[in-house]
Amino acid sequence: MPKVRIPTPLRQYTGGNPEVDVGGGTAADALGDLTEQHPDLRQHLYTGDGKLRSFVNVYKGDEDIRYLDGPDTQVSDGDELSIIPSIAGGSARRRCR
Amino acid sequence: MPLKIGAGDVGHIHDHAKETYPQECSGVIVGMDVGEMKIVVDVWRAENTFEEDERGHRFLIDPKEYIAFEKRAGERDMDILGVYHSHPDHPAEPSDYDREHAWPGWSYVIASVSENGVEDMRSWLLKDDRSGYEDEPIVG
């Protein structure tokens, strides 16, 4: 089975597991299976309208799936997908002083 | 749950915030979550990869640098406990932009820095429903 590697902050939603076995097909299928198994992950991975959050990166091996076939990237037995956070933030735009 | 962070690591964050002022600095805090508190063992600087002219109020850590941090922490039997960053000329409080980009369970340490130095430093935790933050006490 393919596996999805879970980053540290999301392991609280996978019972502490750093990896979850998922069904194959496409990357979208694999992530769909992941969030069916662990529904509390959904709000941290997807926006309200069902799009992957912009700061959530999904890698197949060492490649960002955005540079492969995106959600249609094929995922087979033995493949490993990794959810990698882009860590971003910053203050409000207007300077306060 | 308090965040225990020693004076040396506080000093590293303050130094980083002052060096990059008026741009934001960022990095990760690593250590152990022992249940009743998180113990910071080290802080590692990250490169701010946001577009240069926006770095006064934005930071971004490259995913590949994050992968390297996770690997380095794992090799030392530690976890990434959270992220620090600075708010130049702004309070040490998370913005809406911070909230939109935050990860659950992580400590978000924010240092308010001005031309006079670091004015304040606080730590925050994202609420489970992503609606806001809870103040997380910092202990020495």
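Here is a short tour of some rings, charges and pockets to click through in your viewer.

Before you start, note that this is a predicted model, where local features need pLDDT of at least 70, side-chain atom pairs count only at pLDDT 80 or more, and totals for chains, interfaces and linings use all residues. Residues are numbered from 1 along each chain as its sequence is written, chains are lettered from A and ligands numbered from 1 in the order in which they are written, and side-chain values use heavy atoms, with hydrogens and water left out.

**Stop 1: the rings**

Select B:Tyr108 and B:Tyr133. They make an edge-to-face aromatic pair, 6.5 Å centre to centre with 80° between the planes. (Rings of Phe, Tyr and Trp, the last by its six-membered ring, pair if their centres lie within 6.5 Å; planes under 30 degrees apart are stacked, over 60 edge-to-face, the rest tilted.) The pair links distant parts of the chain: B:Tyr108 is in strand β6 (residues 107–114) and B:Tyr133 in strand β8 (residues 133–136), 25 residues apart. Helices (H or I, at least four residues) and strands (E, at least two) are DSSP runs, numbered from the N terminus.

What do B:Tyr108, B:Trp124 and B:Tyr133 form? One aromatic cluster. B:Tyr108 and B:Tyr133 are both buried, and so is B:Trp124; buried means under 20% relative accessible area, with a 1.4 Å probe and protein chains only.

**Stop 2: charges over rings**

Go to B:Arg58, which lies over the face of B:Tyr97, 3.6 Å from the ring centre. Then pick B:Arg72: its charged end sits over the ring of B:Trp44, 3.9 Å from the centre. To count, NZ of Lys or CZ of Arg must be within 6 Å of the ring centre and within 35 degrees of the ring normal.

**Stop 3: the largest pocket**

Show A:Arg5, A:Ile84, B:Ile67, B:Glu70 and B:Lys71, the closest to the centre of the largest pocket among its 23 lining residues. (A pocket is an open set of points on a 1 Å grid over the protein atoms alone, where a 1.4 Å probe fits, with protein on both sides within 12 Å along at least five of seven lines; lining residues have an atom within 4 Å of a point.) Which element gives the most to this lining? Colour α2(B), with 7 residues.

**Stop 4: the second largest pocket**

Finish with A:Gln12, B:Lys38, B:Pro104, B:Gly105 and B:Trp106, the closest to the centre of the second largest pocket, which 17 residues line. Here β5(B) gives the largest share of the lining, 3 residues.

Terms used:
Buried means under 20% relative accessible area, exposed over 50%, partly exposed in between (1.4 Å probe, protein chains only).
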